[in-house]
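Dear colleague,

I am handing this structure over to you.

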Amino acid sequence: MATTRPYRARQRPKRSEATRERILTAVHDLLAEGAFHESTMEQVAERAGISRAALYQHFDSRLALIDAICDSFEGNPSLLAVRRAVALDDHDSAVALLIENSIGFWASEEPVFEQLYGVVAIDESARNFVDRQRADRRQELETFARRLRRAGRLRKGVSERQALVRLMVITSFETYRELGELGLSKRERVKALTEMAQTELLA
């Protein structure tokens, strides 16, 4: 018995993590397909190939499922690159990389973001995701606007708050989507928004 207890204690977290990953994959796929918002917790469990009870051991609501999806984006390479760009001392390069990787982030999960932003007014879980994502982005951009002001790189007449407002608009999913609806490719969106940021922000 002494030899089996440590083995079982080690294995249980691995099985638990594997189940959690299956659940998140199921939620991600349902979102990408546009089916999550009509899905019940039971249907999520079925899609993940687990029991309803097993699902509730990990997540107690649809809100918790979407919150976990938000957490999963924290390691997105484009999002990590945005955070590195904000800290650069070369502000011209920082602006270019900020825009490029913001676009890259939206493009990397566009079908999922389309679903979440598309139903934000009627789905509490989507609203929670968008509010959290927007707050995280605002925090990064507040830091960047402050650094631009302190370095004397803001255009004459542009305050730190105005810089933040412009950065929020330029890097938003709504702007990304609107430019896509105008037929601009990913590269064209990066170019247009980079030029806009340089013109509207930098001295």
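From the N terminus on, the elements run α-α-α-α-α-α-α-α-α-α-α. The secondary structure comes to 11 helices and zero strands, where helices (H or I, at least four residues) and strands (E, at least two) are DSSP runs numbered from the N terminus. Along the principal axes, the C-alpha trace spans about 70 × 40 × 25 Å.

This is a predicted model, in which local features need pLDDT of at least 70 and side-chain atom pairs count only at pLDDT 80 or more, while totals for chains, interfaces and linings use all residues. Residues are numbered from 1 along each chain as its sequence is written, and side-chain values use heavy atoms, with hydrogens and water left out.

On the helix packing: H6 and H8 pack at an angle of about 170°, with their axes 12 Å apart. Axes here are lines fitted to C-alpha atoms, for helices over the stretch in contact, and angles run from 0 to 180 degrees between N-to-C directions. The two helices, H6 and H8, are therefore roughly antiparallel to each other (the term covers angles over 145 degrees). In H6, His 91, Ala 94, Val 95, Leu 98, Phe 105 and Trp 106 meet Gln 133, Arg 137, Leu 141, Phe 144, Arg 147 and Leu 148 in H8; contact means heavy atoms within 4.5 Å. The residues of this contact divide into eight nonpolar, two polar and two charged. Asp, Glu, Lys and Arg count as charged, Ala, Val, Leu, Ile, Met, Phe, Trp, Tyr, Cys and Pro as nonpolar, and the others, Gly among them, as polar.

On cavities: the structure holds one of 30 Å³ or more. A cavity is a set of points, on a 1 Å grid over the protein atoms alone, where a 1.4 Å probe fits but cannot get out; lining residues have an atom within 4 Å of a point. The largest cavity has a volume of about 240 Å³, a volume being the space filled by probe spheres set on the points, which are joined across faces, edges and corners. Of its 17 lining residues, Leu 79, Phe 105, Gln 133, Asp 136 and Arg 137 are the closest to the centre. Helices H5 (77–86), H6 (91–108) and H8 (124–150) each supply at least two residues of the lining, and the largest share, six residues, comes from H8. The lining divides into nine nonpolar, three polar and five charged residues.

On salt bridges (a side-chain nitrogen of Lys or Arg within 4 Å of a carboxyl oxygen of Asp or Glu): the count comes to 16. One of them joins the side chains of Arg 52 and Glu 42 (2.4 Å, N to O).

Regards

How values were computed. On a 1 Å grid over the protein atoms alone, a cavity is a set of points where a 1.4 Å probe fits but cannot get out, and a pocket is an open set with protein on both sides within 12 Å along at least five of seven lines; lining residues have an atom within 4 Å of a point. Angles under 35 degrees count as roughly parallel, over 145 as roughly antiparallel, 65 to 115 as roughly perpendicular and the rest as oblique.
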